[in-house]
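Here is a chain worth a slow walk through its helices. Have a look at the sequence and the fold first, and then we can go through the packing together.

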Amino acid sequence: MLIDQFKDYMLLERNCSELTVKAYGADIEAFVLFYEAEYGVVDLKKVNYPEIRQWIVSLVELGVSNRSINRKVASLKAFYLFLQKTDVIQVNPLVKHKPLKMELKAKLPFSEGEVSEVFDLFEKDLDDFCKLRDRIIIEILYVTGLRRAELIGLTLGSVDLFSNTLKVLGKRNKERIVPLLGVTVDLLSRYIDEYKVRYVAEISSPLFLTNKGVKIYENFVFRLINSYFGKVSVKNNKSPHILRHSFATHLLKNGADLNSVKELLGHSSLAATQVYTHNNIAELAEVYKKSHPRNKKV
């Protein structure tokens with residue numbers, strides 16, 4: 001099946017993560033379901049742009065955001081690029097498609113105070129192994145800026161307590177070494193000692209397990225972050241990604257250079273990192289107005 005061949009290509013040749021490949025597959029299969037409902041049995045090799053455009057229109061009518069629509073169409077476009085590359089088709093039906101315009105929404109990071117308040121919640125609970133695990137998860141997300149999938153993928157072998165580093169497997173299986181703060185290493189050392197008492201501890205063992213002793217998963221991490229930050233923050237978005245966003249924003253605010261933050265985040269380009277500078281514009285504007293000689297009253 002063409003979709004299965006495409007997924008194998010993305011996984012084996014493009015080195016995409018299983019989660020990414022799964023998302024691509026789901027987007028393409030959603031288009032197939034739409035096509036079959038509208039036009040009957042689909043031959044993916046003969047699909048034309050007007051038919052795809054009708055799918056896009058239907059998504060708009062359903063209230064799907066432009067960002068989500070662009071992602072879905074990008075998945076379909078990648079699929080047709082694969083078919084073109086493998087000579088299954090001659091022309092990509094999406095070759096002239098232009099993404100829908102998106103309104104840039106500022107992502108509000110947690111304040112440094114909110115992060116400190118969350119850490120304060122654990123002051124008396126670290127003798128409880130599950131609380132210690134929760135504290136370490138939040139600690140690592142905040143002091144390293146890891147993506148949720150990168151956190152889930154950590155193993156005991158990822159931790160080097162001697163060099164105070166984490167070995168992280170990022171997007172497209174790109175490996176990077178991330179430094180750890182002393183306080184993080186101390187907590188990790190304590191956590192790993194407790195871990196070895198409770199579970200089989202091998203280099204390949206997942207670093208973080210649920211209360212039932214199985215590897216943590218996406219919703220587990222989301223619920224954990226949402227729960228703890230819900231106690232100290234009224235922000236609408238309290239996701240793991242906002243904690244990654246807070247990591248980058250706080251570093252930049254306190255003087256870190258953009259290139260260093262780029263490397264820590266595992267971004268492939270500086271453009272991807274620059275989005276984290278937007279939240280400081282209001283603060284910079286205030287400093288600018290107070291400091292610039294042209295703004296001083298005569």
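## Helix against helix

In helix α2, the residues D27, A30, F31, F34, Y35 and Y39 meet E51, I52, Q54, W55 and S58 of α3; contact here means heavy atoms within 4.5 Å. Helices are DSSP runs of H or I with at least four residues, strands are runs of E with at least two, and both are numbered from the N terminus. Sorted by class, the α2 and α3 contact has 7 nonpolar, 2 polar and 2 charged residues. For these classes, Ala, Val, Leu, Ile, Met, Phe, Trp, Tyr, Cys and Pro count as nonpolar, Asp, Glu, Lys and Arg as charged, and the others, Gly among them, as polar.

Before going on, please keep in mind that this is a predicted model, in which local features need pLDDT of at least 70 and side-chain atom pairs count only at pLDDT 80 or more, while totals for chains, interfaces and linings use all residues. Residues are numbered from 1 along each chain as its sequence is written, and side-chain values use heavy atoms, with hydrogens and water left out.

How are α2 and α3 oriented to each other? They pack at an angle of about 100°, with their axes 10 Å apart, and are therefore roughly perpendicular. Axes are lines fitted to C-alpha atoms, for helices over the stretch in contact, and the angles run from 0 to 180 degrees between N-to-C directions. Angles under 35 degrees count as roughly parallel, over 145 as roughly antiparallel, 65 to 115 as roughly perpendicular and the rest as oblique.

Helix α3 (residues 49-61) also packs on α4 (residues 66-85): their axes come within 10 Å and cross at roughly 160°. That makes the two helices α3 and α4 roughly antiparallel. The contact joins I52, W55, I56, L59 and V60 of α3 to I69, K72, V73, L76 and Y80 of α4. By class, there are 9 nonpolar residues, no polar ones and 1 charged in the contact of α3 with α4.

The classes in the contact of α10 with α11 are 8 nonpolar, no polar and 1 charged.

## The cores and the whole chain

The chain has 13 helices and 3 strands, and buried residues make up 40% of its 298 residues. Buried means under 20% relative accessible area, exposed over 50%, and partly exposed in between, with a 1.4 Å probe and protein chains only. Among contacts between residues at least 6 apart in sequence, 60% join residues at least 24 apart.

In soluble globular proteins, nonpolar side chains tend to be buried together. A nonpolar core is a set of buried Ala, Val, Leu, Ile, Met, Phe, Trp, Tyr and Cys residues joined through side-chain atoms within 4.5 Å. The largest one in this chain has 44 residues, and those with the most contacts inside it are I138, L151, L166, Y191, L207, F208 and F229. Elements that each supply at least two residues include α5 (112-120), β2 (165-169) and α8 (182-198). Helix α6 gives the most, with 9 residues. Leaving out residues up to four places away in sequence, Y191 touches F129, L132, R133, I136, L207, F208 and L209. A second, separate core of 29 residues includes L2, I3, F34 and I69.

## Four residues to look up

| Residue | Relative accessible area | State |
|---|---|---|
| G25 | 1% | buried |
| R135 | 10% | buried |
| N15 | 34% | partly exposed |
| D87 | 59% | exposed |

G25 lies in helix α2 (residues 18-39). Its C-alpha atom is separated by 8.2 Å from that of D4, 21 residues apart along the chain. R135 sits in helix α6 and touches F119, F122, L126 and L187, not counting residues up to four places away in sequence.

N15 belongs to the loop between α1 (2-13) and α2, and its phi is near 60°, a positive value in a residue other than glycine. D87 is in the loop between α4 and α5; its phi, near 65°, is likewise positive in a residue other than glycine.
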